[in-house]
Amino acid sequence: MTGTSSYILEVDKLITSFETDRGMLRAVDQVSFVVPEGKTVGIVGESGCGKSVTAMSIVRLLPQPAGKILGGRILFKGLDLIHASDAEIRRVRGGEIGVIFQEPMSALNPIHRIGRQVAEVFRLHQKISKKDAWDAATEMLQLVRIPAPEKRMLDYPHHLSGGMRQRIVIALALACRPALVIADEPTTALDVTVQAQILDLIARLQSEMQMSMILITHDLGVIAETCDEVVVMYAGRVVERASVDELFAHPLHAYTRGLLHSIPTLGTRSKSLLNTIPGRVASLADHSHGCRFCQRLGRVPASTLGRPLYAEVSPAHWVETCPDCYQP
Amino acid sequence: MHRQTNSAKAVDGVSLEIGTSETLGLVGESGCGKSTLGKAIVRLLKPTSGRIQFGAVDITRSSQRAIRPLRRDFQMIFQDPAESLDPRMNVRSILEEPFIIHGLGSRAERIQWVNDLLDRVGLPSSAAERYSFEFSGGERQRIGIARALALKPKLIVCDEPVSALDVSVQSQILNLLVELQQDFGLSYLFIAHDLSVVKHVSDRVAVMYLGKMVEVASAEMIYQDPRHAYTKALLSAIPTPDPRAKRPKILLEGDVPSPIDPPLGSAFGHRMRHSRYEETVGMDLGLREIVPGHWVAADPCCLSDEDWECLRS
């Protein structure tokens, strides 16, 4: 049931909450964005901003029983993922939506051989014999450029290096040729040279298989090099969303600007003072309804006025229009 | 310097110097031995062989007892402040401890010193009565820095001091480290895997690969004119936060080999399956000065033909 829209995924006013000792906390507070067909959308923000929770809400892998989706809509190829049955979600997850997790060691089962784990994905999602699943899995390892795949099929995860393990996780995620891949900090645990290999591999497979992708990262360099569009999150909300060129050239929200200016690059003068964002990300429980970046900076006025409007200020450029933080 | 663990040489034949008020950046990928080197320098580890000289004193073989008075002069800041601060001690006790161990000051003086330290790292004096887990990652790192500063050291080994922090907090801590260096004339050994960060704080940069130094030069030289193939690959792999800058990447095959069973010749040549690898078995791959102040490993697999000829003659 493919709709006519060119978006493979539409997230609209998503609210995800966690039950905690301090009551229900909204980790994701009315988040909206779209993933155009064949494109890569990056979600960037600091720890605790809700980027991973947003992704896990899409595939309904929230920690249970604490995590709950309390509102909004997630449309994947016309299918409402929030209200889909468990059976439908299981078919989509790992089938039409693949997930690449940050820590490959925890995404793989330490007591089963690599081959069995990759073949299992085929057995779960396709009516296929054990032999055929094994062959398909071997082929998959080849596709993610693992040397001597027949031998590696018989290895256990701990036999492999971090980079090789991440290739296995990518093989698992892409096994059923998903239409959408969600990659949650796929290279954060890796060294830079291995990161470059893995990002290159993901980009190549994405264009070969014509997949759409959501890439979650805290690294603006990774965003600039791999994404078409960017969603910037702060304290559970989207503060800005635009194409990658537009966002880096004309950031309109104070938080985006702060992030972009606080990273040292090879071009900054040695030992010069870097720009900083004062304060720190407060706990979700301590936030009021108003603009949350104002709260970080200790500014009161705008935050008392209620939540700033999230608006499209120029074509395809969305900003939370807090009078203090929105700087056109 | 060598450190022997199950006969794995984590750091192998490394020589370096750090000047007064200088920052030497140390970069390399996980398992290259950079943290081991840092710990050996402050003698949290005992090197198997080699020599570590601090000022006029050789501390390589000093006993723990003999080294204790010297520890005032060299301190360490760790990557994860949550793990390096005792959760059962409040911040005052954490910061007071170095003074007590070294028998310094009266109680009243120590209270004053702790308040001064907190102030210097940008924390309110009320922080003294709280516990480390009540603070955010950036604030905890400030506490770790305050503790390292307490005894007015000359050298601080900073082992990945900002890599666990969010970017907006990372820049606060980097600024603080730079300011403190200027105020107190500190020397830093700054260990990190993030090359942009290392470039930002360092005067000179040393690049390590599998326990060995492969290139040492001023920060400007190493970034503008890297000579060693590994340094070039490492630099090209840094993601640039500018979507219009499409820099070509040097993609390396494979992973860093294990130090337990290292290749006999050039470790990086081995990873690249370089045609001249066999030549490097048994060859002295130590650092040579290729231009004044710029040292690079004399390794035919990792240098341009021109540089290799230049070093040989």
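A residue is classed as buried if 20 or more other C-beta atoms, placed from the backbone, lie within 10 Å of its own. By this criterion, 48% of the 328 residues of chain A are buried. The structure is a predicted model, in which local features need pLDDT of at least 70 and side-chain atom pairs count only at pLDDT 80 or more, whereas totals for chains, interfaces and linings use all residues. Residues are numbered from 1 along each chain as its sequence is written, and chains are lettered from A and ligands numbered from 1 in the order in which they are written.

Chain A contains 12 helices and 12 strands, taken as DSSP runs (helices: H or I, at least four residues; strands: E, at least two) numbered from the N terminus. Because its radius of gyration of 21 Å is close to the 20 Å given by the globule rule for 328 residues, chain A is as compact as a globular protein of that length; the radius is taken over C-alpha atoms, and the rule is 2.2 Å times the number of residues to the power 0.38.

Eight strands of chain A form an open sheet of mixed pairing, in the order β6-β7-β8-β3-β9-β10-β12-β11; strands pair if DSSP finds at least two bridges between them. The edge strands of chain A, β6 (97–100) and β11 (310–314), each pair on one side only. Neighbouring strands are turned by 20° against each other on average, direction ignored, with axes fitted to C-alpha atoms and angles running from 0 to 180 degrees between N-to-C directions. Strand β11(A) runs antiparallel to β12 (residues 317–320) of chain A, joined by 4 bridges, and A:Y310 stands opposite A:E320 in β12(A).

Note on methods
A residue is buried if 20 or more other C-beta atoms lie within 10 Å of its own, exposed if 12 or fewer, and partly exposed in between; C-beta atoms are placed from the backbone.
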